[in-house]
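Let's walk through this model together, going from one hairpin out to the whole fold and then into a few individual side chains. Keep the viewer open as you read.

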Amino acid sequence: MRVALWLCVPFLLLVETSRAAETPPDFWLATFSVDVTIPLGHPCMGGGISPAVRIDDPLLARGVVLGGRGLEPLVICGVDWCEIRNEAYEHWRAALADAAGTTPLRVLVSCLHQHDAPVVDLVAEQLLKEHGLQGSVCDIEFHEQTVKRVATELKVALERRRRVTHYGTGQAEVSEVASNRRYHDSQGNLRFDRTSASRDPEAHAGEPGTVDPWLKTVSFWDGDLCLAAISHFATHPMSYYGKGGVSSDFVGLARRRRQEDIPETFRIYLSGCSGNVTAGKYNDGSPENRPRLAERIYRAMVAADEATRRQPLERIAFRAAKLRLAPRASAGFSPAELEARLRPEARSFDQCLAAMGLSWRRRCEAGLNIDVPVIDLGQAALLLLPGESYVEYQLYAQQACPDKFVVAIGYGESATGYIPTERAWEEHDTNLHDWCWVAPGAESLMRRAIDEALQSPAGPPGR
């Protein structure tokens, strides 16, 4: 039975702007970075792969705070974790908002979605513990301590704030990294099995499919000095994974290398809308491919920096739309069926999947919305979308606002799992057997939310 789309039409929630025409601009920026590496033994990817057995390289939470005259602070934070979901996501936003002296709505938290990293869903973990099950999604105590440390560092960072006079935009094409899960094999058959590490020659020979080949960078400057640069690209950021080696993977390696190039410029990397985009056409999962993929992302970062054009920062506007997506109710996803999977004889990962599904359903039943925020700099806009949004939403956001340099970030509130297009449902995308907790019909609502957040007129300063 198809779920009734009781989904609320997304609507404009808040508009604020600070304009140079009315008040001389006086913007500032603060940066913070915290090691958020999980302890050995901690589950990875929500219990779906080997737990942490070694640390190959650290996981970081890196962010900026933007503020200024007439502007309530805004926070952007990229976390080297797989996902942050439901109550855990709200906890991050509330803690960072309190530290920054702002409201949770104005905190944009995005995971990079590496798989050798944690998924955090507090309600799901509580359900597993209440049923005495072996499956585990996350360590609640470690999560609480981590959020406190990030909030503390953010608050300290405000004492090091720097003046911002300009912002910059630059982009460069990334070669041989992104490929869509959807492709045709040599017999013309439509397939969806191109994973991040694909060993099937057909997956390597098939067309790249629908991708966004551009790495985009938005930067903030004090005169001729670049204070911070936020780079963004749409692909699952995994080379090889699942053996217990905790890692920020090839995007984290590229970020670190570029940071070392120019230490005075604070580097952030954010993943784009890449639920259906992987490196699988160009990656067979061999360890030597990780530095190769990192090199390709790194080269694009350098080229985007070289292509950057600066302009005066005259205003910062903030808007947010509300989005409500229905929980999936097809076979295997009803509350009764999910509850039935919370039993000792079930596979531990099936227990975790069921608990995460129930956690999301409880959120939906409580009538809670998903925020779709945008930070508008004038000619550039940073938009945050939920979950594993398919790349088509990123491309739509760019088309919806063609006069702007639109950076469509994925993996905000990640309780939804995959957010596919209607075509994916119609073509029976095999990735939607699990890790997708939203009902068909989400595409039109996502598009409306994008339109609202990007195109609604700005209101008066201080609103």
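Start at β14 and β15, which pair in the antiparallel sense over seven bridges. Two strands pair here if DSSP finds at least two bridges between them, and the element names are DSSP runs numbered from the N terminus: helices are H or I of at least four residues, strands are E of at least two. What you're looking at is a predicted model, in which local features need pLDDT of at least 70 and side-chain atom pairs count only at pLDDT 80 or more, while totals for chains, interfaces and linings use all residues. Residues are numbered from 1 along each chain as its sequence is written, and side-chain values use heavy atoms, with hydrogens and water left out.

Back to the hairpin: two residues sit between β14 and β15, and G223 in that turn has a positive phi of about 65°. Across the pair, W221 stands opposite C226 in β15. β14 covers residues 214–222, and eight of its nine residues are buried, where buried means under 20% relative accessible area, exposed means over 50% and partly exposed lies in between (1.4 Å probe, protein chains only).

Now widen the view to the neighbouring strands. β10 (residues 166–173) is joined to β14 by eight bridges, and these two run antiparallel; E173 stands opposite W214 in β14. β15 (residues 225–233) also pairs with β17, this time in the parallel sense over six bridges, with A228 standing opposite F266 in β17. Put together, five strands make an open sheet in the order β17-β15-β14-β10-β19, with mixed pairing. The edges are β17 (266–271) and β19 (309–312), each of which pairs on one side only. From one strand to the next the twist averages 20°, using axes that are lines fitted to C-alpha atoms (for helices over the stretch in contact) and angles that run from 0 to 180 degrees between N-to-C directions.

That sheet is one part of a protein whose secondary structure comes to eleven helices and 25 strands. The C-alpha atoms fill a box of roughly 65 × 45 × 40 Å along the principal axes. A compact globule with 463 residues would have a radius of gyration near 23 Å, and the protein's 21 Å agrees with that; the radius is taken over C-alpha atoms, and the globule rule is 2.2 Å times the number of residues to the power 0.38. Of the 463 residues, 62% count as buried. Among contacts (heavy atoms within 4.5 Å) between residues at least 6 apart in sequence, 80% join residues at least 24 apart.

Next, the helices. Seven of the ten residues of α9 (residues 391–400) are buried, so this helix is largely enclosed by the rest of the structure; among them are Y393, L395 and Y396. In α2 (residues 122–130), the buried residues include L122, V123, L127 and L128. The buried residues of α2 pack against α1 (86–100), β8 (119–120), α3 (140–157) and α8 (348–365). At the start of α2, a side-chain oxygen of D121 comes to within 3.4 Å of the backbone nitrogen of V123, and just after the helix G132 takes a positive phi of about 65°.

T308 lies in the loop between α6 (289–306) and β19, and at 19% relative accessibility T308 counts as buried. Its side chain reaches the backbone oxygen of A304 at 2.9 Å.

N289 is found in α6 and is buried, with a relative accessible area of 8%. The N289 side chain makes a polar contact with the side chain of D284 (3.2 Å). For a polar contact, N or O atoms must lie within 3.5 Å; within protein, one must be able to donate a hydrogen and the other to accept it, and residues adjacent in sequence count only if both atoms are side-chain atoms.

W435 sits in the loop between α10 (422–426) and α11 (442–455) and counts as buried at 7% relative accessibility. The W435 side chain makes a polar contact with the side chain of E388 (3.2 Å). Beyond neighbours within four places in sequence, the contacts of W435 include M45, V119, F349 and Y418.
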